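Student: Please take me through a close look at one part of this protein. I would also like to know how that part sits within the rest of the chain.

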Amino acid sequence: KDAANNPRGIPYAPFVDKVEDYVSSRAEVDGTMKSFQEMISKYQFMEVNTQRRVAGLKEKIPDIQKTLEMVQFLESRRPGSDPIETTFELNDTLYAKAVIPPTDEVYLWLGANVMLSYPVAEATTLLESKLSTAQQSLENCEEDLDFLREQITTLEVATARVYNWEVTMKRKEKPEHGDEDAGGETKRVLPNG
């Protein structure tokens, strides 16, 4: 891969092609495995936070779209046209009726209990910008989730490779260190034969 990070700064996980590049002896296996597990934990933490962000954006985007549609509707009404009667939501279970005359001004919630008055055209521009930013954020988050899952899988494979390498090394060391044959008798190695 060309870069050490993805576009939002999340680092790539190391790909273990040759275990010998990461561990030179069995003594280093525990440290390497621990390091890989720590990286997996970090990626999983980032994945959970990104999933929360995606959920928030998926809730926020329809609200912005609905508000934008309403502002565009108000913008399309001509001065001098008859007022419209509508029902609007005060909270989840409470609605009220209102009569809305043609207007060139709307009030938008900005968050943190702040509401500002905007000319309709400016409100449309602001909402279109916020919608575009939220959609781009959602796209980035979904891309990051795929990237994080890929990095977690890469590290899980790397962990398995290091573990398998250690098992292979243990098997190779047994015959070298084992002086007893299967019957429990000590083997004697005679010089020259």
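Tutor: Happy to! Strands here are DSSP runs of E with at least two residues, helices are runs of H or I with at least four, and both are numbered from the N terminus. The model is predicted, with local features needing pLDDT of at least 70 and side-chain atom pairs counting only at pLDDT 80 or more, while totals for chains, interfaces and linings use all residues. Residues are numbered from 1 along each chain as its sequence is written, and side-chain values use heavy atoms, with hydrogens and water left out.

Let's look closely at the strands, starting with Glu85. This residue lies in strand S1, which spans residues 84-91. With a relative accessible area of 58%, Glu85 is classed as exposed (over 50% is exposed, under 20% is buried and anything in between is partly exposed, using a 1.4 Å probe and protein chains only). Leaving out residues up to four places away in sequence, Glu85 touches Lys97, Ala98 and Val99 (contact means heavy atoms within 4.5 Å). Glu85 also has a C-alpha to C-alpha distance of 8.9 Å to Pro101, with 16 residues separating the two in sequence. Strand S2 covers residues 94-100, and Leu94 belongs to it. Leu94 is partly exposed, at 43% relative accessible area.

Further along is the loop between strands S3 and S4, where S4 is residues 114-119 and Ala112 is found in the loop. Ala112 has a phi near 55°, a positive value in a residue that is not glycine. Ala112 is exposed, with a relative accessible area of 75%, and Asn113 counts as exposed at 75% relative accessibility.

What does Ser137 touch, not counting residues up to four places away in sequence? Its partners are Arg53 and Leu57. Ser137 sits in helix H2, residues 120-177, and is buried, with a relative accessible area of 16%.

The protein has two helices and four strands, arranged α-β-β-β-β-α from the N terminus on. It has 193 residues, and 26% of them count as buried. Of the contacts between residues at least 6 apart in sequence, 60% link residues at least 24 apart.
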